[in-house]
Amino acid sequence: MPDIPALPPVSDLLLRVAIDLAAMLLLVFGLYYRRYRDKELVTAAALFNVFIFAVLTVLSQVEFGIAAGFGLFAILAMFTLRSEPIGKTEITYFFGSVAIAVICAVQGTTPAFAAAVAALVVLGAWAIDHPRVLQSVDGIRITLDKIDAHALSQPELMRSDLSARLGVQVMSYQITALDYINDMARITVFYRKA
């Protein structure tokens, strides 16, 4: 197999930036925002992608030890300790945006290889999270001003009560907090529109 000639450093960087931005825009704006309309997460994921790409591009030009890599990820992990919890879907798209930045910024691969792997990430997200693949179920967080006696003991009855209150078909629910002092329950409800 013939060797592919290396691009000049500036051309290689610009090509990697273009691949990164195109893949990130497709993932975050083309898929996530169109499906979930969460402007706050879209902004965070897009900016995080740009920041991670910039940091990794610089770090890949200097000698960088494995300990420094673990330190970088420890710093990133601290963000989760200082921010409000986000759902599984949100964190997955956020990680996808970061993964695209890492894939495109790391030197040692060709831009074509980086583009193919980034395309695989976007294609995988499109296919796996497509509404026709998994029948769409929406989720909402609610706070009840009274703890229902059957919330834990009779989940089927609780589901039907929630369905009647909300006017939707409740598929499942998850109790995230019970506050017996104030007689409140925080619940995440997963539903389909009736």
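## The model and its overall layout

This is a predicted model, in which local features need pLDDT of at least 70 and side-chain atom pairs count only at pLDDT 80 or more, while totals for chains, interfaces and linings use all residues. Residues are numbered from 1 along each chain as its sequence is written, and side-chain values use heavy atoms, with hydrogens and water left out.

The chain has six helices and three strands. Helices (H or I, at least four residues) and strands (E, at least two) are DSSP runs, numbered from the N terminus. Read from that end, the elements follow the order α-α-α-α-α-β-α-β-β. Of the 194 residues, 29% count as buried; here buried means under 20% relative accessible area, exposed over 50% and partly exposed in between, with a 1.4 Å probe and protein chains only. Contact means heavy atoms within 4.5 Å. Among contacts between residues at least 6 apart in sequence, 64% join residues at least 24 apart.

## Helix 1 and its partners

Let us start with helix 1 (residues 9–36), which packs with helix 4 at an angle of about 170 degrees, their axes 8 Å apart. That makes helix 1 roughly antiparallel to helix 4. Axes are lines fitted to C-alpha atoms, for helices over the stretch in contact, and angles run from 0 to 180 degrees between N-to-C directions. Angles under 35 degrees count as roughly parallel, over 145 as roughly antiparallel, 65 to 115 as roughly perpendicular and the rest as oblique. On the helix 1 side, the contact residues include Ile19, Asp20, Ala23 and Leu27, and those of helix 4 include Tyr93, Gly96, Ile100 and Cys104. The residues of this contact divide into 13 nonpolar, three polar and four charged. In this scheme Ala, Val, Leu, Ile, Met, Phe, Trp, Tyr, Cys and Pro count as nonpolar, Asp, Glu, Lys and Arg as charged, and the others, Gly among them, as polar.

Helix 1 also packs with helix 5 (residues 111–128), at an angle of about 0 degrees and with the axes 10 Å apart. That makes helix 1 roughly parallel to helix 5. By class, the contact has 13 nonpolar, no polar and three charged residues.

## A buried aspartate

Asp20 lies in helix 1 and is buried, with a relative accessible area of 2%. Leaving out residues up to four places away in sequence, Asp20 touches Asn49, Phe53, Ile100, Ala101 and Cys104. Asp20 and Ile103 are 83 residues apart in sequence, yet their C-alpha atoms are 8.2 Å apart in space.

## Aromatic pairs

Rings of Phe, Tyr and Trp (its six-membered ring) pair if their centres lie within 6.5 Å; planes under 30 degrees apart count as stacked, over 60 as edge-to-face and the rest as tilted. By this rule the count comes to four aromatic pairs. Phe48 and Phe94 form a tilted one, 4.9 Å centre to centre with 55 degrees between the planes. Phe48 lies in helix 2 (residues 39–59) and Phe94 in helix 4 (residues 88–105), so the pair ties together parts that are 46 residues apart in sequence. Phe48 is buried at a relative accessible area of 17%, and Phe94 counts as buried at 17%. Elsewhere, Tyr32, Tyr36 and Tyr93 form one aromatic cluster.

Three strands form an open sheet in the order 1-3-2, with antiparallel pairing; two strands pair if DSSP finds at least two bridges between them. Strand 1 (138–144) and strand 2 (169–179) stand at the edges, each with a single partner strand, so one side of each is left without a neighbour in the sheet. Neighbouring strands are turned by 20 degrees against each other on average, direction ignored. Strand 1 and strand 3 (residues 184–192) pair over seven bridges.

Helix 6 (residues 155–166) lies across strand 1, strand 2 and strand 3, running at about 105 degrees to strand 2.

## Two loop residues with positive phi

Arg37, in the loop between helix 1 and helix 2, has a phi near 55 degrees, a positive value in a residue other than glycine. Arg37 is exposed, with a relative accessible area of 56%.

Asp183 sits in the loop between strand 2 and strand 3 and has a positive phi of about 55 degrees although it is not a glycine. At 32% relative accessibility, Asp183 counts as partly exposed.
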